[in-house]
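Please look at the sequence and the structure before reading on.

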Amino acid sequence: MTPTVAAFPAARLRRTRSTPAIRDLVRENTLSVGDLIWPVFVRDGTGIEEPIPSMPGVMRRSVDKIVEAAVEAQTLGIPAICLFPYTDASLKTEDCAEAWNPDNLTNRAIRAIKSAAPDIAVMTDVALDPYNINGHDGYVVNGEIINDATVEALVKMTLAQAEAGADIIGPSDMMDGRIAAMRSALENAGHSNVMILSYSAKYASGYYGPFRDAVGASGALTGDKKTYQMDPANGDEAMRLVQRDLNEGADMVMIKPGIAYLDICHRVKTNFGVPTYAYQVSGEYAMIQAAAQNGWIDGEQVMLESLMAFKRAGCDGVLTYFAPKVARLLKG
Ligand code: PBG
């Protein structure tokens, strides 16, 4: 669209910025509680809320505490909660079998949340890294992250999560062919209503640092994830990945990280017109919190501004560690 604007002084664009009422009237985008997906970290034990130093304000919670958090989130009107397990080092193996254990942390948390807070959607993460002795999202054979055997493992993981009651499966592994494999396994197992929110355009990013501390994967990771996660230099490739995942049966797609990839968010929404989400990742959260704690920025203002930016770029929603804070703020 080519903007039409009269010459000064017929047009004084400050007129529509002149008062709060007029600014409300012309506002093009809104941020609401319904836009939020809350990522949370689950750990073993009971009664535990353990702060994560690199993510001020974020905790690892035992299943009982996750349930309390989910109940609060549901009350606040947050539509979805997304689970990430902090897996004990003793459960990490080469074959990653803990990933599809029906009683692993994630699956126990899903069941507990579904019975205590049935109205909040439960989303999961599908990738092998929390269970892998070498910290990678896929199997490593002779130093190579192998695709097809990884997809078979991811399918088992998906089915265990669906069986436990997950509403939305979130494959974050970036293997090829995983969406089709998961979709057909879900259909065959009678889980035709379980959705897939694919991490379609996930970049090999430095912004994931604090998350890897949070799930205890930092120490374990050998090398980097560049043979499966995307090169930050690429945009067209993201369109191919989104197209491919939609063709394979993804219901919704995600761009990750967020703020540095708003061009991708905008292109995806404009080109495909599908439910599009951004993940405001751990490093983005940590940067805002750290600067706010130092008094260098107004944390609340930057939090809201960053989330509004996702909406303006075309996203339908955002995965953000700020979710409960924003929800409380929006509720007044
Ligand atoms: C793992 C996974 C990662 C994140 C979500 N799922 C990290 C990674 O790929 O190394 C990052 C989330 C964040 O940084 O907040 N498959």
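In the side chain of Gln 229, an N or O atom is 2.9 Å from an oxygen atom of the ligand. Tyr 321 has a polar side-chain atom 2.6 Å from a ligand oxygen, and for Lys 202 the distance is 2.7 Å. The protein buries 100% of the 400 Å² that the ligand exposes when taken alone (Shrake-Rupley method, 1.4 Å probe).

This is a predicted model, in which local features need pLDDT of at least 70 and side-chain atom pairs count only at pLDDT 80 or more, while totals for chains, interfaces and linings use all residues. Residues are numbered from 1 along each chain as its sequence is written, and side-chain values use heavy atoms, with hydrogens and water left out.

## The shell around the ligand

There are 18 residues around the ligand (a heavy atom within 4 Å). Those that come nearest are Lys 202, Arg 212, Lys 256, Ser 282 and Tyr 321. By class, the shell has eight nonpolar, three polar and seven charged residues (nonpolar: Ala, Val, Leu, Ile, Met, Phe, Trp, Tyr, Cys and Pro; charged: Asp, Glu, Lys and Arg; polar: the others, Gly among them).

Terms used
Polar contact = N/O pair within 3.5 Å; in protein donor to acceptor, adjacent residues only side chain to side chain.
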